[in-house]
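Hi,

Here is the structure I promised to pass on. Have a look at it first, and my notes on what turned up follow below.

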Amino acid sequence: MKPYHLNIGLALQYPYESYYSKVRRLVIANPGVKYSLLFEKSSVIENVKIHCLEKVVSHINEHGSSDCPLSSINNLPELSIRQNIQHCQNCADMGYHTNLFNCDWITNCPLHHTPLTNKCNKCHLPWPTVKDMFNRHCTGCGNCIELETNNSERWKNVNFEAIKQLEELVLGCKLLDKISSRFVENPYPQSMRSVRVDVLDFPAHLNVLFPNKYAAALNYVEKVPIPYNEQTFHCIPTKLLTHSDIKIQFPAWTGRSRVNVMSNILNLIKQTGEPEHQVHVNNYNNFGQHELTIGTCFCPYCLAVSLWFNRVISYPLNVSHEYIDHGYNFFVDGYHQLPFPEPMVNIYINNNAYFLEDDYQIWSYEVQLKQLFISLLVCIIPLFKDPDLANRISSFSILGFEKIYRLRPIQYAYNLNQKHSILKVSEPKLESVILELLENLQSNNNRCEEFHQYLYDNHKRPEHVKAEPNLLISMNQLKLLEFGAYKIKLNEKPWLIAY
Amino acid sequence: MKTNDDSYYNHPVFDSLKFRIETRQIIKLNNVITQWLWTGATGGYIQGISRVGKSSAFEVIRNTLKTRSKAPVPTHILSIPRRDKSSISTIFKNCCFSANLVVKRHQTADDLKNNFAHYLVDIALSYNVRQFVLLVDEMQRLKAFQFDAFAELYDVMRSLGVSLVVIFIGNTYESDPLIEEIKNPRFDHIRGRFFSQKSTFTGLESAEDVKFCLEQYDTLKYPSPDGPTYTQFFLPQAYEIGWRFADQYKVLWSVFRKYQKVLKLPSWGMQYFSCTANILLSDYLSQSVEAFCSEEMIEKCIDLSGLHTSQIDLSVP
């Protein structure tokens, strides 16, 4: 059987349209064609289905990549089941929809300046899903549009510049998705729909970076000024390197980075805590939910630094202060869910692999180290203020997840091509965030000593691990430790104290 | 090539569907339609006697139409079948069938119309032009009210940003009553759109027309582009010594003139001409090395072309 010809509806094609829009014009351009004919399996219509999908796919391939950068977001399946679709009535009247409408932070249509709604003004029903679209006979949202007036005339004065600017802006954030997917399994931002104007990761930072370029586009959203540091790095095309390609996953410079960040953290603690306070680095196998709920006091600075230290040093130097095969796992389980800082050697941009220059690798690694510390602080602060909280949660890290994800750096790429790429990176001023968080904590030396005595007294080590006295380690020793001159073995160092 | 060779009979001369030669009338028709396109006409109609080669002419020119900026203008040929039931809906249904679009029982006339309109608009926009030419063949089979279907189609396409030019093609005598009916004031809206422009398509009218056609036998090649010319294919030895089919135009025309006078023919219809020339070339001239073309041979070929038989009734006083 010869497959039917299906129209694409090119007359209703406009720049930066979404999949939803593409399907709608397919529906409008093929009146009377049922959903089942297009998408459901049947021996008779299989040809049609393939034919149709081929058309959609080929169309997207032809036009999608050039004028619709958001086409990489596969919204079709999602919108087909999604109930809460945002849309502009004027755009819907002409069969146009853009993925930007799905961003919660967009409140008005950038083309018509009218508020986005979740219902069609003509039939007063929620905007249809892809499936509903076929059967809804409404010129505002369904399988037809009004054609009385000249369609092309209606759009003659519509300026897509605002859409273009916002698309670029979102694309910058999409790039971050790809980059940050190296950080965690669920990269930030998990979905642009979840981004709100009142959070740090709102792309208003681009307004700070490019105030003129994005000024028009951002008229349609609220702006949240955030101080950011901007840096530019170069990317060189390469194949995607695997761990086996990278001989040393944590090269020597990572040690310098860890020392730098550690020094920064200790300085910041000094600024907020008591001057004579010494930070003890310890393991927390014997300290967890039970101890917290019975009111055992703890030093939040030392806890945060210890967890951070264990996390960042255990893998690169192959040492660990966790006896995860026994004892408490409240903190261990918790911070295993936190991002694991490691050097970023290359990234994917538009399906091309790029090698990142050394400066970028150092920058991103240090940012990750700082972020990890912030993550730990935001988890520890609630526990410090209300230890009973530990009773109600399974893992301490869930206390700060939201904040953790907010504080990732935002990166924006341009000049994307096969040969060369430039990454513009915008980093929130993490030191000021750390300082702000530390000011929430009020600890004192007595409390710290008491805490460490408790840990020492109740230390339940495995039989093969001998008890060791506390060890004070200076920054110089820490540097030696980092550079491999001084290796710690598991059974030798249950304690480290850095000052 | 030997006549017992299978590929010998693949030659376009033996296949009326593949055989296409240009005539001076086709060039003239092309100019007329191009003029309509360039002057913003919304349509027109072409009349010609039956078997004169109107449909073939449109097959030839459909891919050659261009805008003023030399961009190709897409076309679609719609042939109207004779049906018991004449309605606007059947026109749209026929349109959709011709484009292989989905046609279901539940679809309304509006559905079918919009479906076909989007089909034409998609093609026009994929050509990056805002014009589309719809060629409607056998217009004599239409009822006057069915022209409304094309007016509606024109309106829908206009609202989608593409201007439709509808060109109707019909047999002279059969479509005359329809043209007369359209002149009624109640069809003003149809007449203004589609019947303000008119042209007549004729067959070969002079010896020069015959020469123009025969010259193409001496230049067109099969297999294209490196094969022998049509003349060379059938008469290789004669062609080598300089024999050309085009040189026979006078004798061909003089023989036809005899028939023309007897049968009172306005022109030599392309179907009969091409049939005559093909038989003459492939079956008669190819039999002798010298390719001598006699009047008797040509008469035989004209008889075989069916010209005489088709005009019998007209020739009887």
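A:Q371 is buried, because its relative accessible area is 6% and buried means under 20% (exposed is over 50%, partly exposed in between, with a 1.4 Å probe and protein chains only). This residue sits in helix α14 (residues 358-385) of chain A. Helices here are DSSP runs of H or I with at least four residues, strands are runs of E with at least two, and both are numbered from the N terminus. A:Q371 and A:I434 are 63 residues apart in sequence, yet their C-alpha atoms are 9.0 Å apart in space.

Before you go further, note that this is a predicted model, where local features need pLDDT of at least 70 and side-chain atom pairs count only at pLDDT 80 or more, while totals for chains, interfaces and linings use all residues. Residues are numbered from 1 along each chain as its sequence is written, chains are lettered from A and ligands numbered from 1 in the order in which they are written, and side-chain values use heavy atoms, with hydrogens and water left out.

A:T98 lies in the loop between α5 (89-93) and α6 (130-135) of chain A. With a relative accessible area of 0%, A:T98 is buried. Its side chain reaches the backbone oxygen of A:Y16 at 3.3 Å. Not counting residues up to four places away in sequence, A:T98 touches A:Y16, A:S18, A:I163 and A:E167; contact means heavy atoms within 4.5 Å.

A:N30 is in another loop, the one between α1 and α2 (35-39) of chain A. A:N30 counts as buried at 3% relative accessibility, and its side chain reaches the backbone oxygen of A:L26 at 2.8 Å. Leaving aside neighbours within four places in sequence, A:N30 is in contact with A:H5, A:L6, A:N7 and, from the other chain, B:N115.

Where the chains meet

How many residues of each chain are in contact? For chain A it is 24 residues, and for chain B 21. The size of an interface is often given as the accessible area lost when the parts come together. Here chain A and chain B bury about 1,800 Å² between them, with 59% of it on carbon and sulfur atoms; that area is what the two parts lose on being put together, summed over both, with a 1.4 Å probe. α1 (19-29) and α7 (151-154) of chain A each supply at least two residues of the side that touches chain B.

By class, that side of chain A has 13 nonpolar, nine polar and two charged residues. Ala, Val, Leu, Ile, Met, Phe, Trp, Tyr, Cys and Pro count as nonpolar, Asp, Glu, Lys and Arg as charged, and the others, Gly among them, as polar. Across the interface, the rule finds six residue pairs in polar contact, both at pLDDT 80 or more. A polar contact is a pair of N or O atoms within 3.5 Å; within protein, one must be able to donate a hydrogen and the other to accept it, and residues adjacent in sequence count only if both atoms are side-chain atoms. Salt bridges across the interface come to zero.

Salt bridges elsewhere

A salt bridge is a side-chain nitrogen of Lys or Arg within 4 Å of a carboxyl oxygen of Asp or Glu. A search of the whole structure finds twelve of them over all chains. One in chain B joins B:E152 and B:K113, with the closest N and O atoms 3.4 Å apart. That pair links distant parts of the chain, 39 residues apart: B:E152 is in helix α5 (residues 147-159) and B:K113 in helix α4 (residues 109-126), both of chain B. B:E152 counts as partly exposed at 28% relative accessibility, whereas B:K113 counts as buried at 10%.

B:R191 and B:D188 also meet in a salt bridge, at 2.4 Å from N to O. They are three residues apart in helix α7 (residues 188-194) of chain B, so about one helical turn separates them. In chain A, A:D93, A:K122 and A:E146 are linked in a network of salt bridges.

Chain B overall

Chain B has 15 helices and five strands, and buried residues make up 53% of its 317 residues. Among its helices is α11 (residues 249-263), whose end C-alpha atoms are 20 Å apart, in agreement with the 21 Å that its 15 residues should span at 1.5 Å a residue; the expected span is 1.5 Å times one less than the number of residues. α11(B) is followed by B:K264, whose phi is positive, near 55°.

Cheers
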